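Please read them alongside the structure.

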Amino acid sequence: MKRREIGGTGLIIAAALCAWAYQAIYGAYRAAARERLLLYIGIPADSIASWLLVIAILTGAVGLLLLLPALIGRLPKRVPRRTVGWTLGVAAAAAVPYFGLTLLFAGLGAFGTGDTMKFVAADGTSVLVTQDGFDGDSVVLYTQHDEYHYKRVRDAPEISGWPRVKDQECRLESAGGGELQLTCGEQTVMVVPEEAGE
């Protein structure tokens, strides 16, 4: 077995592992979303899943480019070798638009089309604030549910728009009675954690 074939096989195995990890993480993210929870592991889990999908597509493509020509070249007769080569070339050309769009949307998910900021109060209580990446008019507040999940509490139109939340001086403070107070610039938003709000 040549180095090219070994490298191609290794990249295809790595792509398969990344695709499996993508499915597992994205499945966990979707399961949490059905419960109005956000799976957050330093960054939202859907961003991690998107990065894994980007890596899977790119490593799989490079692995196939290394492996397939070497395998096709091993066919002893000229006609079957050309037939298989042309067939795979046409199949690859047909697959490029699909995988190109998948890669585009995975890239958007990986780089994020919005912002997710974490604010921590002095007592250790934390709140996540998400803001869409287009006009910034959708801001959602989440309070900590457990170690890796945050529960959606409310929309916060008071701090939407421009300047974006990430560009403002924001601080989270305890307001007593289980409530939290998020202050961004001149605006103050009351946040009731899930236990107090239910």
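1. The protein exposes about 11,900 Å², and carbon and sulfur atoms supply 62% of this area. Accessible areas are from the Shrake-Rupley method with a 1.4 Å probe, and for residues only the protein chains shown count as cover. Buried residues make up 33% of the 198 residues, where buried means under 20% relative accessible area, exposed over 50%, and partly exposed in between.

2. This is a predicted model, in which local features need pLDDT of at least 70 and side-chain atom pairs count only at pLDDT 80 or more, while totals for chains, interfaces and linings use all residues. Residues are numbered from 1 along each chain as its sequence is written, and side-chain values use heavy atoms, with hydrogens and water left out.

3. The secondary structure comes to four helices and eight strands, in the sequence order α-β-α-α-β-β-β-β-β-β-β-α. The radius of gyration is 24 Å, well over the 16 Å that the globule rule gives for 198 residues, so the protein is more spread out than a compact globule. Helices (H or I, at least four residues) and strands (E, at least two) are DSSP runs numbered from the N terminus; the radius is taken over C-alpha atoms, and the globule rule is 2.2 Å times the number of residues to the power 0.38. Along the principal axes, the C-alpha atoms fill a box of roughly 80 × 30 × 25 Å.

4. Val189 is found in strand 8 (residues 187-191) and is buried, with a relative accessible area of 0%. Leaving aside neighbours within four places in sequence, Val189 is in contact (heavy atoms within 4.5 Å) with residues including Leu141, Arg154, Ala156 and Leu180. Glu158 is also in contact with Val189; the two are 31 residues apart along the chain, with their C-alpha atoms separated by 7.2 Å.

5. Which residues do ring pairs link into a cluster? They are Tyr22, Tyr26 and Tyr29. The count comes to four aromatic pairs. The ring centres of Tyr98 and Phe99 are 5.0 Å apart and the planes are at 80°, so this pair is edge-to-face. Rings of Phe, Tyr and Trp (its six-membered ring) pair if their centres lie within 6.5 Å; planes under 30 degrees apart count as stacked, over 60 as edge-to-face and the rest as tilted. Tyr98 is exposed, with a relative accessible area of 55%, and Phe99 is partly exposed, at 43%.

Technical notes. Buried < 20%, exposed > 50% of the residue type's maximum accessible area, 1.4 Å probe, protein only.
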